[in-house]
Amino acid sequence: MKCPNCSSQMFVTNEIVNSRSQVTFYRCSVCVSEHVSSEAIVETAGYDGNDYFNSPLEEKKRYLMV
């Protein structure tokens, strides 16, 4: 990734990955600016969105908005 301030190459300082997103932290070695980039993680191939609707009523989680 190129620095938005000075256009020099940035390096990765940290990376956090969980089940929903990937967050990458960059730092420029010339002007010492920082940048954060995040991307959504695509659902795994083994997950079927229709499983929720085909499951028995007892297995469905219900949430209450307060």
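A salt bridge here is a side-chain nitrogen of Lys or Arg within 4 Å of a carboxyl oxygen of Asp or Glu. By this rule, the count in this predicted model comes to one salt bridge. The views below start with the strands and end at that pair.

**View 1. Strand 1 meets strand 2 in an antiparallel pairing.** Here you can follow residues 10-17, which form strand 1, beside residues 21-28, which form strand 2. Seven bridges join the two. To find your bearings, look for Met-10, which stands opposite Cys-28 in strand 2. Three residues make the link in the hairpin that joins strand 1 to strand 2.

**View 2. Strand 2 also pairs with strand 3.** Strand 3 covers residues 34-40, and its pairing with strand 2 is antiparallel, over seven bridges. A handy landmark is Thr-24, which has Ser-37 of strand 3 opposite.

**View 3. A hairpin of strand 2 and strand 3 holds Val-32.** Five residues lie between the strands in this hairpin.

**View 4. Glu-34 and Arg-27 form a salt bridge.** Side chains of opposite charge can pair when their charged atoms come close. In this view, the side chains of Glu-34 and Arg-27 meet at 2.2 Å, N to O. Glu-34 has 57% relative accessibility, so this residue counts as exposed, the cut-off being over 50%. Arg-27 counts as partly exposed because its relative accessibility is 27%, which falls between the limits of 20% and 50%.

Terms used:
Residues numbered from 1 in each chain as written. Predicted model: local features only at pLDDT ≥ 70, side-chain atom pairs only at ≥ 80, totals over all residues. Heavy atoms only, no water. Pairing = 2+ DSSP bridges. Helix = DSSP H or I, 4+ residues; strand = E, 2+ residues; numbered from the N terminus. Buried < 20%, exposed > 50% of the residue type's maximum accessible area, 1.4 Å probe, protein only.
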